[in-house]
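Please read the following walk-through with the coordinates open.

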Amino acid sequence: MTRFWQAAPSVGHPLTRIEGLDKVTGRARYAGDVAVPGLAYGAVVPATIPRGRVLNLDVEATLAMPGVLAVVHRDNAPRLTDIGEGTLFLFQGDRVAHWGAPVALVVADTPERAREAAERMRVDYFPEPPDTVFRADHPGLYEPEYVNPRNPTVTGKGDVDAALAGAAVVVDAEYRTPAQHNNAMEPHSATAVRSDGRITLHTSTQYAYGVVPTLSKLFGFAPGTLRVLSEHVGGGFGNKGMPPRPDTVLAVMAATLVGRPVRVTLTRPQLWPLTGYRTPTAQRIRLGADQDGRLVALEHRAALQTSRLHEFTEQAAVYSRPMYGAENMRTSHRVVALDVPTPRWMRAPGEAPGSFALESAMDELAEACGVDPVELRLRNEPAVDPTTGQAFSSRRLADCLRVGASRFGWAGRDPRPAVRRDGRWWRGTGVAGAHYPARAAPTTAHATALPDGSFVVRVAASDIGTGARTVLTQLAADALEVPVDQVRVLIGDSGFGPAMGAGGSMGTASWSWPVVTACRELAGRLAAGEPLPPDGLTSTFDSTAAIGARADYARYAFGAHFAEVAVDVTTGEVRVPRLTGVYAVGRVVNPLTARSQSIGGMTMGLSTALLEESSMDGRFGDWVNHNLADYHVATNADVGEIDVTYVDDPDDELNPSGVKGLGEIGIVGVAAAIANAAWHATGVRQRELPITPARAAR
Amino acid sequence: MAGPELASTVRLMLNGAPVELVVDNRTTLLDLLRDRLDLTGTKKGCDHGQCGACTVLLDGRRVNSCLQLAVAVAGREVTTVEGLADDEPHPMQAAFVAHDAFQCGYCTPGQICSAIGMLDELAASWPSAVSTGPVRLDDAEIRERMAGNICRCGAYPHIVAAIREVAGGD
Ligand code: FES
Ligand code: FES
């Protein structure tokens, strides 16, 4: 065998994506692209009431339509185990929990026939009066036992009320963010193929491994029955995380009933009620400070919504816990269960809306104290996590703010609002801080040396566009001390064993831990002369114990965002000609794909600042703008110059690769930076997203 | 109750080769490509002409294939992302890889077909909403003309850079 022990470290180099050519030539197959012989197609029949019961389904007429193979519904669906996940407990009774919930699935031999039959299916309901509209003073608001993912609902220290009463300067304001939908470009799709008592499920998921235990419990499958494949995933942003979405359950049910492979691809409008969204929020911030802007009190209270099917509480006030130091602090959450679809993860859940509130309030405090907003943040840097008292493994917020200020040209900024008129535009600039937790979850990986000198690494990671396949290849190559083209990283197969999903900015940290460890061990075995069997030599590592043994630190990525905003004097149209993002995210494995993630996060931040809002029609419990023409996301024409940079952030308390993850931090604080800049431009405070022309106009 | 289903025989030129098949009249060009011909490079993001993921070239012009019925493109020439490369990738495909002009890649075939069609429109001096005089390629023109292709991953600055390079603006 030949093996090159050349020291050519790949980490830190802008390697183009391993699967890049497959993606630009159309060869890359996503879940709904996989060719399967004998495929049948399932189309969802959605409920058209927000609350009540299904009285009658006209199954017979539907079955008589051309090409219809089956109708899956409450009378013939496989019986499921109630695993406490109402969104997946499909066709088990006659209750309708929200508008758009599946009441039947029509399976036909062509997509056209399935769709027509589903659209024509007659369903009779017994409707009940719904409660669908979120309000900050809803009487049903309560304190849940915990908030996502498992954070305490309430934290506090000191006496916030007394400190506020004695503070020289007080800011007390409410901030609102609307329901937002993730809208990855690839709609959810699941294809179930049964053979020999086993099921292969091709699905669009951020968490190939995680789908298996959930569906196995739900259906009562024995271990080894279900295998999930997700080689390429067309974006997720949390929307394809855990739990699996209903398309997976529907495909498995249908394939079981018709004895053929079945594909269920949701339509774009069906994503609104069936796959999750970010809850609307109402957040009250109270800040007390001395005349120089040093905080004495910080309170963050969040009101949120969930559904009646499942309690899911977005951790919006969690953002304020480690961010700025104050002697007296309180954060709390309340949630109300409505007759609406269940909210789920959306990029930087908690931190995205929470940062809009706190970072906007900090700008108001800067104004009230007459302190520059960058300087104000520097003055409130805590030495340790102000809520838990833990030391930070590393905290480079100040570096991010200083580097950003210099790149953006912040020095000499006139703090006065509404004094920069430039033709038809009011111009302004704004800043916000950002943080996002740096976590890792137990994962197993295998590294195999093959007799031809190449290596194969297997881990059930998902590449939803993050560049996971590419950065894992780089990390594995360096650990093996071989060039990247000698290493193949295989991902997106639940058969590779337990693995974290692509979520919570934990993917690279979690997957690389066992990948790097197994590769190093394998290299050591080879160097020690261990013989290479014909089918290869494999090292396997499970990171569970190593993660549990980590020292007690507060681990976070930090960042700063700067925005330049122009507001049309007449129409109120808001433009963002320039954004700067500076991040401390541990080690940057691949500056090319990292930059793509960062500009992607900032772009989504811009999009939520100016455009995104799902509008609930309270009578129907349906979002009226459930399509991409009426729910606006940023397009190419909305985005200006984006400057991204990373500060050095060596941190030995993270994981073997020293990475913190950077999928989410790019969105955190961007809306606040833009809102603060809009105020600087016009003098009108923006406490509610999105900043529409009507809200922005002076 | 539904009326009888209608089907038609359709002949077209697809990526340079003739194709003839019987299609359900309800079938869109997008579904014909994806479900009947296993050309899944062309993606379905919305099925309503709202996202651009399904963009192909029809007689050389960019169109949303989800808005074309298959029966309506009979006799015409369709080029999909699979038909752009010869032995080598098309320069636009290579530039998208080099500039990392995508993340998940799901919008990418549509972006690439759209970019190729767009450069022909520029060459033919078609004005856009941001043109103020004779049409010249700059970033504002690219952003405006590519605004019909949504990239939720937000690769826009890299898409602009890739197109600029292919157009010779770099
Ligand atoms: S799928 Fe055709 S425009 Fe979206
Ligand atoms: S690359 Fe993911 S939508 Fe454009």
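The paragraphs below take up these topics in turn.

The model is predicted, so local features are reported at pLDDT of at least 70 and side-chain atom pairs at pLDDT 80 or more, while totals for chains, interfaces and linings use all residues. Residues are numbered from 1 along each chain as its sequence is written, chains are lettered from A and ligands numbered from 1 in the order in which they are written, and side-chain values use heavy atoms, with hydrogens and water left out.

Two packed helices are described by the angle between their axes and the distance between the axes. In chain A, the axes of helix H5 (residues 208–219) and helix H6 (residues 246–258) come within 11 Å and cross at roughly 50°. That angle makes H5(A) oblique to H6(A). Helices here are DSSP runs of H or I with at least four residues, strands are runs of E with at least two, and both are numbered from the N terminus. The axes are lines fitted to C-alpha atoms, for helices over the stretch in contact, with angles running from 0 to 180 degrees between N-to-C directions. Angles under 35 degrees count as roughly parallel, over 145 as roughly antiparallel, 65 to 115 as roughly perpendicular, and the rest as oblique. The crossing of H5(A) and H6(A) is right-handed, a term for a near helix turned clockwise from the far one by less than a right angle, with anticlockwise being left-handed.

On the H5(A) side, A:Leu215, A:Leu218 and A:Phe219 meet A:Thr248, A:Val249, A:Val252 and A:Met253 of H6(A), where contact means heavy atoms within 4.5 Å. The residues of this contact between H5(A) and H6(A) divide into six nonpolar, one polar and no charged. In this division Ala, Val, Leu, Ile, Met, Phe, Trp, Tyr, Cys and Pro are nonpolar, Asp, Glu, Lys and Arg are charged, and the others, Gly among them, are polar.

How many aromatic pairs does a search of the whole structure find? Over all chains there are 13, counting rings of Phe, Tyr and Trp (its six-membered ring) with centres within 6.5 Å; planes under 30 degrees apart are stacked, over 60 edge-to-face, and the rest tilted. One edge-to-face pair consists of A:Tyr30 and B:Tyr106, at 5.2 Å centre to centre and 85° between the planes. This pair crosses between chains: A:Tyr30 is in the loop between helix H1 (20–25) and strand S1 (40–46) of chain A, and B:Tyr106 is in the loop between helix H2 (91–98) and helix H3 (108–123) of chain B. Both A:Tyr30 and B:Tyr106 are buried, that is, under 20% relative accessible area, whereas exposed means over 50% and partly exposed in between (1.4 Å probe, protein chains only).

A:Tyr175 and A:Phe356 form an edge-to-face pair at 6.0 Å centre to centre, with 85° between the planes. Since A:Tyr175 lies in strand S10 (residues 169–177) and A:Phe356 in helix H9 (residues 351–369) of chain A, the pair ties together parts that are 181 residues apart in sequence. A:Tyr175 and A:Phe356 are buried. Elsewhere, ring pairs link A:Phe392, A:Tyr556 and A:Phe558 into a cluster.

The backbone comes next. Most residues other than glycine have a negative phi, and most peptide bonds are trans. A cis peptide bond joins A:Met242 and A:Pro243, with omega about -5°; A:Pro243 is in the loop between strand S13 (226–229) and H6 of chain A. Another cis bond joins A:Leu689 and A:Pro690, with omega about -5°. Phi of A:Asn183 is positive, near 55°, and A:Asn183 counts as buried at 4% relative accessibility. A:Ala348 has a positive phi near 50° and counts as buried at 0% relative accessibility.

Three further buried residues remain. A:Ser607, in helix H15 (residues 591–610) of chain A, is buried at 1% relative accessibility. Beyond neighbours within four places in sequence, A:Ser607 has contacts including A:His632 and B:Arg152. A:Arg469 is buried, with a relative accessible area of 7%; leaving aside neighbours within four places in sequence, its contacts include A:Glu19, A:Glu231 and A:Asp463. A:Gly52, in strand S2 (residues 52–57) of chain A, is buried at 0% relative accessibility. The C-alpha atoms of A:Gly52 and A:Pro129 are separated by 8.0 Å, although these residues are 77 apart along the chain.
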